Amino acid sequence: MCSLPVLLAVFYIVIMTPLMGRKNGYTVDATPSFQLTRAIVATGDWFPPEKVKQGYVYSLVYIPFYAAGQVLEAWLPSPEPDWIPRKCLCWMNTVLTGLTVGLLAGVLGRLGYSPGAQAFVPLAYGFSTLAFAYARYDYNKCLAALLLLSAFSYAVIYLVNKNPRAVIGCGVAMGLLVTVRLEMAAAGVALFGVIALNTDRWAARRNTALAFWLPIGLGIGWVLLYNRIYWGSDLTGGYEWNFQWNPFPALQGFFFSPGKNIWFYNPVLLLLPLVVRAFKQRHPAVSGMWLGMLAAFLGVYSFWGNWWGGWAWGPRHLVPLLPLAVIPLAAVVDGGSRELKLLLVILAAAGWFIQFLGGYTDFNNIILTLMNQGVTEVELIWNPVWNPIVNHSRFLPYIPIQEWDYGWIGLYQFAPAAVFWALLILWCGTAAGLGYLIHKAVRRAE
């Protein structure tokens, strides 16, 4: 019998695979990642002339998905050359988010939460937060989210069991994370601070520091070397770095701007102020690490010149922190009042609908349409009239269902009817079977 985390991960991947976007690309930054992987596979040269922005490891992770896309393309009709392998870059993020859902369940289990909480909170994360949207696209945020949660998970193992090998795992996860997004090394300070405070002897602290920081140092060194060779710089790596010295506009934007605040796009997080205290009382050391990582994350991006993340659905820079942010919500499932549990369900349902609005059409199309009418990017962030969620709902009646950006719609249009209905029945049956197994696993464990 599969464990609950495995069942949840497979369930999420099965549900989300035909709900991926129909386009084979959504962000210009992902195209170089695709080209780098293609060059590596085609030539066998691990360092071809193609270059990426902090994404070399992202391209390596993509290799098996690219190879699978090549196999599929050999016997499936494709709209254009390389369409299916390029589309597999989006599917990679579906799989990575599914793995994050499963890992999140495992973390909650290690923290002692009930099987019901282990099932509900990860599924709420996967379907009702920005994780849903970015699991369908080709940004590198999903890999960053998985690595950040992996580092947190290893740290929890160390705090609970005092297993020194867990520190190595934590350091390796952080070392890989910085190769994807260098600035996320800031979260490592909070991680190590709590680990060091919970290590008694000086010699043990020295060994712990070496095990933790050595892989991170190697990761940082790799990024600096890659940027020096391919971009002629140490830090920028192809980005136009523009830090701002005043963090308050970004903080105001993250929490209160009409177009980019974290609450509108992730409604379940509205309950955090009500449950953080209970989380802290139950897990003093873990909660300190949790809060420190979130604060470090917010701190870095509050000084980021492009804090809102440019053309994207919601505050995309904050997507990797979401699996961490939802962890205290398990306290609502296990010990909250009936009213609080009902509110959590309502907020999760609202979040699912918001993610549906963000996905039924490519957000780039809405932004481009509004900007062609004279709406500026600043207005999209700060003017309530141009709130993206509101405008996606306004456009909904005017975009025919056959043009919705979901894989099932495209399959219905291009596949033979018999193939479409056979796959739909198989999908429904598989999802129902996995749902039953999840329900059975929860009931058996309780």
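Which residues does Asn383 touch, not counting residues up to four places away in sequence? In this predicted model, where local features need pLDDT of at least 70, side-chain atom pairs count only at pLDDT 80 or more, and totals for chains, interfaces and linings use all residues, Asn383 touches Pro258 and Val378, a contact being heavy atoms within 4.5 Å. Residues are numbered from 1 along each chain as its sequence is written, and side-chain values use heavy atoms, with hydrogens and water left out.

Asn383 sits in the loop between α19 (377-382) and α20 (388-395); helices here are DSSP runs of H or I with at least four residues, numbered from the N terminus. With a relative accessible area of 25%, Asn383 is partly exposed, because that class lies between buried (under 20%) and exposed (over 50%), using a 1.4 Å probe and protein chains only. The side chain of Asn383 also reaches the backbone nitrogen of Val385 at 3.0 Å. Ser3 lies 380 residues away along the chain, and its C-alpha atom is separated from that of Asn383 by 47 Å.

Another asparagine, Asn391, belongs to helix α20. Asn391 counts as buried because its relative accessibility is 2%. Leaving aside neighbours within four places in sequence, Asn391 is in contact with Ile366, Leu370, Val385 and Trp386. Ser153, in helix α7 (residues 141-161), is likewise buried, with a relative accessible area of 8%. The partners of Ser153, not counting residues up to four places away in sequence, are Leu103 and Val107.

On a 1 Å grid over the protein atoms alone, a cavity is a set of points where a 1.4 Å probe fits but cannot get out, while a pocket is an open set with protein on both sides within 12 Å along at least five of seven lines; lining residues have an atom within 4 Å of a point. The search of the whole structure finds 3 cavities of 30 Å³ or more. The largest cavity has a volume of about 170 Å³, a volume being the space filled by probe spheres set on the grid points. Of the 19 residues lining the largest cavity, Lys260, Ala312, Ile367, Leu380 and Pro388 are the closest to its centre. Two or more lining residues come from each of α18 (363-372), α19 and α20, and α18 gives the most, with 4 residues.

The largest pocket holds about 1200 Å³ of space. Its lining comprises 30 residues, of which Leu76, Trp83, Gly407, Leu411 and Leu423 are the closest to the centre. The elements giving two or more residues to this lining are α3 (56-75), α4 (83-110), α21 (407-414) and α22 (417-445).

Within α21, Trp408, Ile409 and Gly410 are buried, and the buried residues of α21 pack against α22. Across the whole structure, 36 aromatic pairs are found, where rings of Phe, Tyr and Trp (its six-membered ring) pair if their centres lie within 6.5 Å, with planes under 30 degrees apart counted as stacked, over 60 as edge-to-face and the rest as tilted. Trp408 and Phe420 form an edge-to-face pair, 5.6 Å centre to centre with 85 degrees between the planes. This pair links helix α21, which holds Trp408, to helix α22, which holds Phe420, 12 residues apart. Both Trp408 and Phe420 are buried. Ring pairs also join Trp352, Phe353, Phe356, Tyr360, Trp404 and Tyr406 into a cluster.

How values were computed
A polar contact is a pair of N or O atoms within 3.5 Å; within protein, one must be able to donate a hydrogen and the other to accept it, and residues adjacent in sequence count only if both atoms are side-chain atoms.
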